[in-house]
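Try each task before you read its solution.

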Amino acid sequence: MYEFIKGTISEISPAHAVLATSGGVGYYLNISLQTFTRIKELTETILFTHFIVRDDAQILFGFADRGERDLFRMLIGVSGVGGNTARTILSTFNTEELRIIIATGKAEVLKEVKGLGIKTAQKIIVELKDKVAAVGGGTALTFEDPKKSPVFEEALSAMLMLGFAKAPAEKVIRNIIKEEPGISVEEIIRKSLKNI
């Protein structure tokens, strides 16, 4: 129904954004942490949308790019994966990480998403493996889980003790380690505090 909405960001949190259009309408969009990170410093943006109509609700989801929306649509096409679960998956992993995790069959990594069991994780991989590999355009797919790194565990433990929620802390720490593989725990915590 809606392809995208362009407007001024009048309200934003890690889970939602309100876009006010020039016509004077404010749209409440559910967003992932991935989209939040991309738009949180902006005053205006375009969000690509997906509209879900249920018996009890009409829910609008917003995405910073079409690639994230495409993955969201693939995820909700899997039986047992609803909009909120798909959004949580996209908040835990960025689009490229998720594509690699699915294409390389890393169910044990995918099941670490809050509320996602091993059976659903395996079902997502079985149903989407070929689709995400095709979207990747033949790129070599490898995944190294930064969670296996001792500095990841130490930094995450520190962030949890500081009162931060596990999923956003994991995402921020994972991204920092990915960008700077040899980084110290202290530096990870310092950067995490600025980015969370």
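**Exercise 1: a salt bridge**

Arginine 69 and glutamate 3 are joined by a salt bridge, with 2.8 Å between the closest N and O atoms. Task: find which parts of the chain this pair ties together.

Solution. Begin with where the two residues sit: arginine 69 is in helix α2 (residues 66–76), while glutamate 3 is in the segment before β1 (4–12), so the pair ties together parts that are 66 residues apart in sequence. Next, recall the rule: a side-chain nitrogen of Lys or Arg must lie within 4 Å of a carboxyl oxygen of Asp or Glu. By this rule the count comes to seven salt bridges.

A word on the source: this is a predicted model, in which local features need pLDDT of at least 70 and side-chain atom pairs count only at pLDDT 80 or more, while totals for chains, interfaces and linings use all residues. Residues are numbered from 1 along each chain as its sequence is written, and side-chain values use heavy atoms, leaving out hydrogens and water.

**Exercise 2: a hairpin**

Task: work out how strands β2 and β3 run and how many bridges join them.

Solution. Helices (H or I, at least four residues) and strands (E, at least two) are DSSP runs, numbered from the N terminus. Two strands pair if DSSP finds at least two bridges between them. Here β2 (residues 16–20) and β3 (residues 26–30) run antiparallel and are joined by five bridges. For a landmark, look at alanine 17, which stands opposite leucine 29 in β3. Finally, the two strands form a hairpin with five residues between them, and glycine 24 in the turn has a positive phi of about 85 degrees.

**Exercise 3: α2 against α3**

Task: describe how α2 packs on helix α3 (residues 83–92).

Solution. Two packed helices are described by the angle between their axes and the distance between the axes. For α2 and α3 the angle is about 135 degrees, and the axes are 9 Å apart. (Axes are lines fitted to C-alpha atoms, for helices over the stretch in contact, and angles run from 0 to 180 degrees between N-to-C directions.) That makes α2 oblique to α3; angles under 35 degrees count as roughly parallel, over 145 as roughly antiparallel, 65 to 115 as roughly perpendicular and the rest as oblique. Now list the contact (heavy atoms within 4.5 Å): α2 brings Glu68, Leu71, Phe72, Leu75 and Ile76, and α3 brings Gly83, Ala86, Arg87, Ile89 and Leu90.

**Exercise 4: two partners of α9**

Task: find which residues of α9 meet α7 and which meet α8.

Solution. Take α7 (residues 150–161) to start: its axis comes within 9 Å of that of α9 (residues 185–195), and the two cross at roughly 45 degrees. That makes α7 oblique to α9. On the α9 side, Val185, Ile188, Ile189, Ser192 and Leu193 meet Val151, Glu154, Ala155, Ala158 and Met159 of α7.

Then turn to α8 (residues 166–179), which packs on α9 at about 125 degrees with the axes 10 Å apart. That makes α8 oblique to α9. Here Ile188, Lys191, Ser192 and Asn195 of α9 meet Val172, Ile173, Ile176 and Ile177 of α8.
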